[in-house]
Amino acid sequence: MPTRTRLCAALALGLLAVLAAASLCVGAYPLTPGRILALPGGGDPMAARVFFTLRLPRTALAALAGLALGAAGGVYQTVFRNPLASPDLTGVAGGASLGAAAAIVLGAGSAWQIMGGAFLCGLLSLAAVLGLVRAARAERTAAYVLAGILVSALAEAGVMLLKTLADPERELAAIEYWTMGSLAGVTAGKLAAAAPPVLAGLVLVLLFRRQAALLSLGQASARASGLEPRRWRALLLGLTTLMVAAVVSVAGGIAFVGLIAPHIAYGLLRRRGGAFLPLCAVTGADLLLAADLLARSAGGGAELPLSIFTVLFAAPVLAALLITGGGRADVA
C-alpha cells in the first residue's frame with residue numbers, strides 16, 4: 001500500500017475514532033470515558049441506560065449512515081464518470097424520501113415497511129433518471145444533473161402533496177422528520193432494521209470496487225475487460241439505492257454527504273482507484289458524526305436538523321471545486 005494511502009487511511013480512521021468517542025460522551029446527560037468503561041462491571045444505572053439505549057445506537061447509526069452515503073456517492077461519481085453525481089442530485093434521495101412519506105401516510109407501522117417504501121421509490125427515481133438520459137441520448141454530466149433535478153422536483157412535489165393529506169398531529173410531524181434529517185429518534189430497533197441492508201450493500205460495493213473502476217473507463221473498455229456494463233451498472237446502482245433507502249428510512253434526507261465525501265477522498269488520495277471507495281465511506285462517516293455532534297450541541301438545548309451542518313460542510317468544498325476547476329470534468 002502506498003505511503004500516501006496509508007497516511008490518508010490513518011487520518012480518516014483516527015478522526016472516526018475521535019468523533020465516535022465524542023459522540024458517545026456528549027449530550028444532555030454527559031458521560032466520561034471512565035464512566036463508560038465502568039459500565040460492564042455494573043456502574044451507574046442511569047449512565048448505562050443512557051449509553052445503551054441512546055448513545056450507542058445513535059453513534060452506530062451515524063457511522064453506518066455516513067459510510068453508506070459516502071460509499072454511494074463514490075460509486076455514483078465513478079460509474080457515471082462525473083464529479084456532480086450523488087444520491088442528492090440524481091433523484092434517489094428525493095425519491096426515497098417520497099417513498100418513506102407515502103408509507104407513513106398509508107399507515108406503515110414498522111421501520112421495515114418505511115424502508116420498503118423508501119427503497120421502491122428510490123429505485124423508481126433512479127430508473128426515471130436513467131430513462132430520461134437514455135431518451136435524450138446525452139451521456140453527459142449535465143444530462144444526469146438535469147434529469148436528477150427534474151425527478152427530485154417531482155418527488156418534492158409529491159412530498160408536499162402528502163403533507164397536505166397527512167394528519168397534522170401525527171403524520172405531518174413524522175414527514176417533516178424525514179425531510180430534514182435527524183438522528184434524534186434513533187433506537188436499537190431502528191439500528192437493527194437499517195444495519196443489515198446497509199452492511200450488506202456496503203460490503204458488496206467495496207468488493208466490487210474494481211468493477212466500478214472499470215466502468216469509469218467507458219463501455220468499450222469495460223467490455224474488453226470482460227464486464228457487461230449494463231448489468232454491472234444496474235447491480236452497483238441497485239446496491240447503493242438499497243443503502244441510501246435504508247438510511248433515509250431511519251434518519252431522513254441528509255444533504256450533500258454523498259456529494260462531498262468523494263471529493264474530499266479524492267483530494268487526499270489524488271486518484272479514484274484502490275482505496276478510493278473505502279476512503280469515501282470513512283469520510284462520509286466522519287462528516288455525519290461531526291454533523292450529529294453539532295446538531296446536538298449547537299441548538300441551545302434543542303436539536304437542529306442534520307442537513308444544516310452537512311450543507312455548511314459542503315459549501316467550502318464546492319467553492320474550492322468551483323475555484324480550482326475540479327468539478328469541470330464531463331460537464332459539457
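**Close-up views of a predicted model**

**View 1. Ser 97, a buried serine.** Ser 97 has a relative accessible area of 10%, so it counts as buried (under 20%; exposed is over 50%, partly exposed in between, with a 1.4 Å probe and protein chains only). You'll find Ser 97 in helix H4, residues 92–105 (helices are DSSP runs of H or I, at least four residues, numbered from the N terminus). Leaving aside residues up to four places away in sequence, Ser 97 touches Val 159, Val 248 and Gly 253 (contact means heavy atoms within 4.5 Å).

*About the model.* This is a predicted model, where local features need pLDDT of at least 70, side-chain atom pairs count only at pLDDT 80 or more, and totals for chains, interfaces and linings use all residues. Residues are numbered from 1 along each chain as its sequence is written, and side-chain values use heavy atoms, with hydrogens and water left out.

View 2. H8 runs over residues 188–207 and has 20 residues. From first C-alpha to last, H8 reaches 28 Å, close to the expected 28 Å (1.5 Å times one less than the number of residues). Look for a kink of about 35° at Ala 195, shortly before Pro 196 (the bend is the angle between axes fitted to the seven residues ending there and the seven starting there).

**View 3. What H8 packs against.** Buried residues of H8 include Leu 191, Val 198 and Leu 202. The buried residues of H8 pack against helices H3 (45–79), H5 (111–136), H9 (209–215), H11 (229–251) and H13 (276–297).

Key: Helices (H or I, at least four residues) and strands (E, at least two) are DSSP runs, numbered from the N terminus.
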